[in-house]
Amino acid sequence: MPARGSAREKRAFGAQARRMEHLALREDSPAFRAELERCEANAHNVRAWLKATVESVHACTRARGACGDAERAFADELVAFGGSNPAVMSAGVGPALWTISAAFKEVSDLSHAAMLGLEKEFANRIDTRIDEDAKALKELRQRFSRADERHRAALDRARAVKASAAEDKVLGADRELGAARLQLEDARCELADKVVAVESGRQVDLLECMLECVDVQARFFDAARAQMGALCESAPAWLALVESKRAELARLSDASRAQRRKVRAAPRRAAPRR
């Protein structure tokens, strides 16, 4: 598929990708932490927006199901009308109504199935993942905060060690500070990596879902076109049937009007005198 979007949009996307890539590589600093918090807020906003998007898909599926039920009820009424009127059935209208109603049902079922498939795709790819992402981010943020507190405490204890202290005490404080720094760096990088994955990854998931939506809708319209095409092949015969029924009704109407004129033109008998 060819790339789309204006040059400005592409530059903005590229800048965002570079910013996100550099986030996990930057050293710990006040600027880094401010950027990390901003990215976490963006990830939270993306989650809320995706939640609303998934809920709209559920609502659309429910509406499509209700519409499908109404369409099937309408098709059943067509069949009932043709089957309960022998005169209509014998004239060939009944089978035509049955064929049309069957096609309507098939198209309605295809549409509902397409929406169910799309709903499942959104549920599997996005709905479950955003909850897992929120839980993981919360745990990683807590781990980073604990590591930061341990590092600050180890740094304070190391600074409190006097230069004249015993060598084992100095080395112990040094080892404690080094271990705390490694834990902090590990927690920091893991949190930054997860934030990058959430903020960018779920947007990619949404794009993949929408591409799947396009494919599902294209398949549905192809199937619906095939159903309607089959009806169109029978349309000339049904139009001929309609014309013959109209001609028959016209003859009956002309005969009825002629009969009424005949009745009005006939001399009336005088009423008997009392």
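In this predicted model, 80% of the contacts in the protein with a separation of 6 or more come from residues 24 or more positions apart. The protein has five helices and zero strands, and its pattern along the sequence is α-α-α-α-α. Of its 274 residues, 26% count as buried. The protein exposes about 18,300 Å², and carbon and sulfur atoms supply 59% of that area.

The structure holds 21 salt bridges. Three of them are listed here, among those in the structure.

| Pair | Closest N to O distance |
|---|---|
| Arg143 and Glu190 | 2.1 Å |
| Arg188 and Glu185 | 2.4 Å |

Arg143 and Glu190 form a salt bridge. Arg143 belongs to helix 4 (residues 93-160) and Glu190 to helix 5 (residues 167-265), so this pair ties together parts that are 47 residues apart in sequence. Arg143 is partly exposed at 27% relative accessibility, and Glu190 is partly exposed at 36%.

Asp69 and Arg72 both lie in helix 2 (residues 30-83); because they are three residues apart there, about one helical turn separates them. Asp69 has a relative accessible area of 47% and is partly exposed.

Arg188 and Glu185 are three residues apart in helix 5, so about one helical turn lies between them. Glu185 is partly exposed at 29%.

Salt bridges also link Asp28, Arg33, Asp148 and Arg152 in a network.

Notes:
Residues are numbered from 1 along each chain as its sequence is written. This is a predicted model: local features need pLDDT of at least 70, side-chain atom pairs count only at pLDDT 80 or more; totals for chains, interfaces and linings use all residues. Side-chain values use heavy atoms; hydrogens and water are left out. Helices (H or I, at least four residues) and strands (E, at least two) are DSSP runs, numbered from the N terminus. Buried means under 20% relative accessible area, exposed over 50%, partly exposed in between (1.4 Å probe, protein chains only). Contact means heavy atoms within 4.5 Å. Accessible areas come from the Shrake-Rupley method with a 1.4 Å probe; for residues, only the protein chains shown count as cover. A salt bridge is a side-chain nitrogen of Lys or Arg within 4 Å of a carboxyl oxygen of Asp or Glu.
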